[in-house]
Amino acid sequence: MLLAWFRTCSTGSAFHVGDGWLVTAAHVLRGGKIDEIVAEHCSTELNIEQVIIHQDDRIDLALLKTDFDLSHYLTMCTIANPPKGFVQTDHIQIGGHLDDWIGDELVLSKVLLMGYPPIPFSNGPVLLAAEGEVQAVIDKYNGPHPHFVISCMGRGGYSGGPVLSEYGFLLGVLTESLVMNEQTEELGYSSAISV
C-alpha cells in the first residue's frame with residue numbers, strides 16, 4: 001500500500017487503492033494548490049492526471065489518478081518470512097460493509113490509522129501509525145453515510161489517511177475530528193467515513 005503526503009499550506013494523507021488511484025479527504029484538496037505529492041516508499045514526486053471530488057460537500061472524499069506504479073515492489077522486492085497467507089498485491093482490500101447493515105458489530109474492534117500529522121522538530125513528514133479501537137458508529141445529522149468514531153487522537157495531517165480493520169480490510173477514510181464550538185481538533189473524536 002502506498003501512503004502519500006501532500007504539501008499545501010498544511011499536510012494531508014492519501015493511500016493507493018490500485019491502478020495509480022489515490023484516495024484522500026476532499027478538504028485536503030479544496031481551496032488550495034498541491035505543492036507536491038510524494039510516495040512514501042521511494043520519496044518520489046507523483047504526477048496527478050485527474051482529480052475527482054465528490055459533488056456533495058458533506059461527503060469529504062476525493063480520488064486522484066496519478067502515475068504511481070507498484071510493479072517494482074511486486075517484482076523486485078522479497079518479503080523475508082512472510083506471515084501465513086501473505087500475498088503481495090498492488091491494492092488495498094476495500095471492506096464489504098454497506099451503509100444499510102452497519103450496526104455495532106465493529107465496536108471495540110482494533111483499527112490502524114496511518115497518516116502524516118506534523119511532528120514538532122522533525123525535518124520532514126514522517127509516516128505515523130496509531131493503533132486504536134472503534135468506539136462507536138454514528139449517523140451524522142449534517143451528512144450522509146455512517147462514520148466510525150475511533151480512539152486515535154485526531155490531528156491535522158491524518159486527514160485522508162486509511163483506517164484499516166483488524167480483519168484485514170479498509171474500514172474507512174479519516175475525514176475529521178468531531179468538535180463543538182470550534183475547539184482544537186485534539187479535543188474531538190476522530191471520525192472515519194465508511195467505505
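Residues are numbered from 1 along each chain as its sequence is written. Because the model is predicted, local features need pLDDT of at least 70 and side-chain atom pairs count only at pLDDT 80 or more, while totals for chains, interfaces and linings use all residues; side-chain values use heavy atoms, with hydrogens and water left out.

**Exercise 1.** Find which residue meets Arg-30 in a salt bridge, and say where the two partners lie.

*Solution.* Start with the term: a salt bridge is a side-chain nitrogen of Lys or Arg within 4 Å of a carboxyl oxygen of Asp or Glu. The whole structure holds 3 salt bridges. In one of them, the side chain of Arg-30 meets that of Asp-57, at 3.2 Å from N to O. This pair links distant parts of the chain, 27 residues apart: Arg-30 sits in the loop between helix 1 (26-29) and strand 4 (36-39), and Asp-57 in the loop between strand 5 (48-53) and strand 6 (62-66). Helices (H or I, at least four residues) and strands (E, at least two) are DSSP runs, numbered from the N terminus.

**Exercise 2.** Decide whether Lys-140 is buried or exposed, and name its salt-bridge partner.

*Solution.* Buried means under 20% relative accessible area, exposed over 50%, and partly exposed in between (1.4 Å probe, protein chains only). Lys-140 counts as buried because its relative accessibility is 14%. Its salt-bridge partner is Glu-176, with the closest N and O atoms 2.3 Å apart. The pair is 36 residues apart, with Glu-176 in strand 11 (residues 170-178) and Lys-140 in the loop between strand 8 (128-139) and strand 9 (146-150). Glu-176 is partly exposed, at 29%. Leaving out residues up to four places away in sequence, Lys-140 touches His-147, Glu-176 and Leu-178, where contact means heavy atoms within 4.5 Å.

**Exercise 3.** Work out which strands pair with strand 10, and what its two faces look like.

*Solution.* Two strands pair if DSSP finds at least two bridges between them. Strand 7 (residues 110-115) runs antiparallel to strand 10, joined by 3 bridges; Leu-113 has Val-163 as its bridge partner. Strand 11 also pairs with strand 10 in the antiparallel sense, over 3 bridges, and here Pro-162 is partnered by Val-173. Strands 10 and 11 form a hairpin with 4 residues between them, and Gly-168 in the turn has a positive phi of about 90 degrees.

Now the faces. In a regular strand the side chains alternate between the two faces of the sheet. In strand 10 (residues 162-165), Pro-162 and Leu-164 on one side and Val-163 and Ser-165 on the other are all buried.
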